[in-house]
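Here is a short note for a colleague who is opening this entry for the first time. Please keep the structure in view while reading.

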Number of protein chains: 2
Amino acid sequence: MDEKVVKEIRAFNRSYVRTIGLLQNSILNSGYSLTEAHILNEVNSKQDSTATSINQELKLDEGYLSRVIKKLISKSLIIKEQSLTDKRVFVINPTDKGINEYQKLDKLASKMVKNNMEHLSHIQQIELADLLGKVKALLKKE
Amino acid sequence: MDEKVVKEIRAFNRSYVRTIGLLQNSILNSGYSLTEAHILNEVNSKQDSTATSINQELKLDEGYLSRVIKKLISKSLIIKEQSLTDKRVFVINPTDKGINEYQKLDKLASKMVKNNMEHLSHIQQIELADLLGKVKALLKKE
DNA sequence: AAAAATACTTGCTAAAGACAACTATTTTTA
DNA sequence: TAAAAATAGTTGTCTTTAGCAAGTATTTTT
């Protein structure tokens, strides 16, 4: 494989990690940890999540996940109900408060992205979205 | 600002974070924490680093950085010498072992990137590098 | 010369996460 | 169908990572 290509990709990764890192840190100022925000996102993105389904995405330690879920329950952001068909399983859904908080986080994340792009002209912004879309498409082909 | 653009960028961030996250985790299996790897990178990238110069890039807690540096010294990966011209300053450089370990990490990171791209054709790889270069250029304009 | 700033360190604490052992339930298999 | 294995989740314990505040030493500013 072309070393030049690898070099270019790694240079991009380094610079982009820093950018995304800053966006993520802004979420940390919202009162939720990154993991909590991710779980909130999972639970709000699909109905009847379970610890297992959440962890298929997040790949955390199960014990740790269990505790974070407990914490989110204690904050009344999610509820957990034992499945009637399989009593090993506990179905998780957001409360109204959880939906609300998630939407706040979502808006915050959008705002951060906007702030990060605001020095670009409108045409450049469209170009950026176009470029990223193409990259995503290339990398999706598994 | 165009909501569609923001949406596209956020979708990209999500998918890319996952990709980079996997690469970073592979480094974690090398026996060094991400922070240690970053410091090793800093110290190997430029001569006579200092805690302050490292932190201009990494932006860690100063106390924590001080301790991680101490740990790397105890592992004989870096050495620290008091500056003769300004005794507040301690100049940091990699040892031979530190240079060696850094090169190992560097190769590992390249390998991971390669693995991640290997399902792409040569033309697609070049296209990817080209797209990422353009994105980086767009975002660099501060 | 005193005050402020810089460079770094240390004590203390909390958060994030890993590992192993455990309960409860369901599925597989011999 | 009873025993074994697998699945889903929890809890105890520990380490790592990191942040905050107060400290030392030195240099710069006033």
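Predicted model: local features only at pLDDT ≥ 70, side-chain atom pairs only at ≥ 80, totals over all residues.

1. **The build of chain A.** Chain A contains 6 helices and 2 strands. Along the sequence the order is α-α-α-α-β-β-α-α.

2. **The dimensions of chain A.** How does the radius of gyration of chain A stand against that of a compact globule of 142 residues? The globule would have a value near 14 Å, while chain A has 19 Å. Along the principal axes, the C-alpha atoms of chain A fill a box of roughly 55 × 35 × 20 Å.

3. **Burial and contacts in chain A.** Chain A has 142 residues, and 38% of them count as buried. Now take the contacts in chain A between residues at least 6 apart in sequence. Of these, 50% join residues at least 24 apart.

4. **The extent of the interface.** Chain A brings 44 residues into contact with 45 residues of chain B. About 4600 Å² is buried between the two chains. Carbon and sulfur atoms account for 72% of that area.

5. **Polar links across the interface.** Chain B and chain A share 4 salt bridges. The search also finds 8 residue pairs in polar contact across this interface, with both residues at pLDDT 80 or more. Which elements of chain B give two or more residues to the side that touches chain A? They are helix H1 (3–28), helix H5 (96–117) and helix H6 (122–140) of chain B. H1(B) gives the most, with 16 residues. By residue type, the side of chain B that touches chain A divides into 22 nonpolar, 9 polar and 14 charged.

6. **Salt bridges as a whole.** Over all chains, the whole structure has 12 salt bridges. One of them runs from Arg10(A), in helix H1 (residues 3–28) of chain A, to Asp106(B), in helix H5 of chain B, and so crosses between chains. Side chains of opposite charge can pair when their charged atoms come close.

7. **Arg10(A) and Asp106(B).** In this salt bridge the closest N and O atoms are 3.1 Å apart. Are the two partners buried or exposed? Arg10(A) counts as buried, because its relative accessibility is 15% and the cut-off for buried is under 20%. Asp106(B) has 28% relative accessibility and counts as partly exposed.

8. **Glu3(B) and Lys114(A).** Here is another salt bridge, with the closest N and O atoms 2.9 Å apart. Why does the pair join two chains? Glu3(B) lies in helix H1 of chain B, whereas Lys114(A) lies in helix H5 of chain A, so the link runs from one chain to the other. Glu3(B) is partly exposed, with a relative accessible area of 46%. Lys114(A) is also partly exposed, at 26% relative accessibility.

9. **Glu101(A) and Lys104(A).** This salt bridge has an N to O distance of 2.9 Å. The two residues are 3 apart in helix H5 (residues 96–117) of chain A, so about one helical turn separates them. Glu101(A) is buried, with a relative accessible area of 14%. Lys104(A) is exposed, at 52% relative accessibility.

10. **Lys4(B).** Lys4(B) belongs to helix H1 of chain B. Lys4(B) counts as exposed, because its relative accessibility is 69% and the cut-off for exposed is over 50%. How many Å separate the C-alpha atoms of Lys4(B) and Lys97(B)? The separation is 50 Å, for residues 93 apart along the chain.

11. **Gln125(B).** Gln125(B) sits in helix H6 of chain B. Gln125(B) counts as buried, with 6% relative accessibility. A polar atom of the Gln125(B) side chain lies 3.1 Å from the backbone oxygen of Leu120(B).

Conventions. Residues numbered from 1 in each chain as written. Chains lettered and ligands numbered in written order. Heavy atoms only, no water. Contact = heavy atoms within 4.5 Å. Buried area = accessible area lost by both parts, 1.4 Å probe. Salt bridge = Lys/Arg side-chain N within 4 Å of Asp/Glu carboxyl O. Polar contact = N/O pair within 3.5 Å; in protein donor to acceptor, adjacent residues only side chain to side chain. Helix = DSSP H or I, 4+ residues; strand = E, 2+ residues; numbered from the N terminus. Nonpolar A, V, L, I, M, F, W, Y, C, P; charged D, E, K, R; others polar. Rg over C-alpha atoms; globule rule 2.2 N^0.38 Å. Buried < 20%, exposed > 50% of the residue type's maximum accessible area, 1.4 Å probe, protein only.
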